[in-house]
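User: Could you walk me through this structure?

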Amino acid sequence: MMKTPLILAMCSAIALAACTDPASLGGNGTVSNQKTKQGAIAGAATGALLGALVGNRDDALKGAVIGGAVGAGIGYSLDKQEADLRRDLGNDNVTVQNTGDRLIVTLPQDILFATDSFSVRSDLRRDLNAVAGNLQAYPNSTIQIVGHTDSDGDAAYNQQLSERRANSIADILLDAGIPFSRIQTFGRGESQPVASNLDPAGKAKNRRVEIVILPNA
């Protein structure tokens with residue numbers, strides 16, 4: 001019974017994504033619209049599913065339209081925020097990834113901290129202050145700060161170190177005026193590698209702090 005409304009909802013999502021293309025709204029086309037479209041489709045699919053679960057075909061279609069509009073708005077806002085971040089950050093080692101529903105700012109720990117330290121290097125505070133300024137300009141989001149390590153040493157020690165490093169980044173953002181209510185900190189230790197821990201290059205990639213920016217619906 002749910003297949004028809006969900007299929008129709010996805011069609012609505014695709015149509016809505018086209019309508020929310022920044023270029024079609026008369027913009028200058030300088031901000032990418034791909035994530036906007038992805039946000040519209042994802043939002044519509046979620047809205048359709050919720051509508052179908054709690055109601056009928058009409059509820060599914062209403063959910064698709066509402067969810068698509070919300071998703072498109074989030075996607076477009078993330079595009080703008082990403083562009084501003086890339087403009088303001090002055091460090092090529094800091095990466096910004098836009099997944100369509102969040103931004104992930106990755107800071108290699110080797111440029112943030114000395115070995116076994118959780119004190120942020122003074123020359124990296126400029127980049128963190130740039131991130132803080134961006135977060136103030138886009139206040140409607142939750143910020144998750146996640147510390148990661150490589151697998152060298154004791155796992156329990158790595159867990160504690162990742163937590164302390166995440167908290168150190170949070171302290172800088174708090175000092176820069178980001179409200180405590182927006183910030184969440186996590187330490188993942190060595191449990192979530194993004195590369196092999198069998199060679200130095202992979203270990204360097206695994207030693208990182210991620211600032212995840214989650215727009216509030």
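This is a predicted model: local features need pLDDT of at least 70, side-chain atom pairs count only at pLDDT 80 or more; totals for chains, interfaces and linings use all residues.

User: How many helices and strands does the protein chain have?

Analyst: The protein chain has seven helices and five strands, taken as DSSP runs numbered from the N terminus (helices H or I, at least four residues; strands E, at least two). Along the sequence they follow the pattern α-α-α-β-β-α-α-β-α-β-α-β.

User: And at what angle do α5 and α6 cross?

Analyst: The axes of α5 (residues 125-137) and α6 (residues 155-175) cross at roughly 60 degrees and come within 9 Å; axes are lines fitted to C-alpha atoms, for helices over the stretch in contact, with angles from 0 to 180 degrees between N-to-C directions.

User: Which residues make the contact?

Analyst: On α5 they are Arg-125, Leu-128, Asn-129, Ala-132 and Leu-135, and on α6 they are Ile-169, Ile-172 and Leu-173, where contact means heavy atoms within 4.5 Å.

User: Which residues of α5 are buried?

Analyst: Asp-127, Leu-128, Ala-130, Val-131, Ala-132, Asn-134 and Leu-135 are buried in α5, meaning under 20% relative accessible area (1.4 Å probe, protein chains only). Across the 217 residues of the protein chain, 43% count as buried.

Conventions
Residues are numbered from 1 along each chain as its sequence is written. Side-chain values use heavy atoms; hydrogens and water are left out. Buried means under 20% relative accessible area, exposed over 50%, partly exposed in between (1.4 Å probe, protein chains only).
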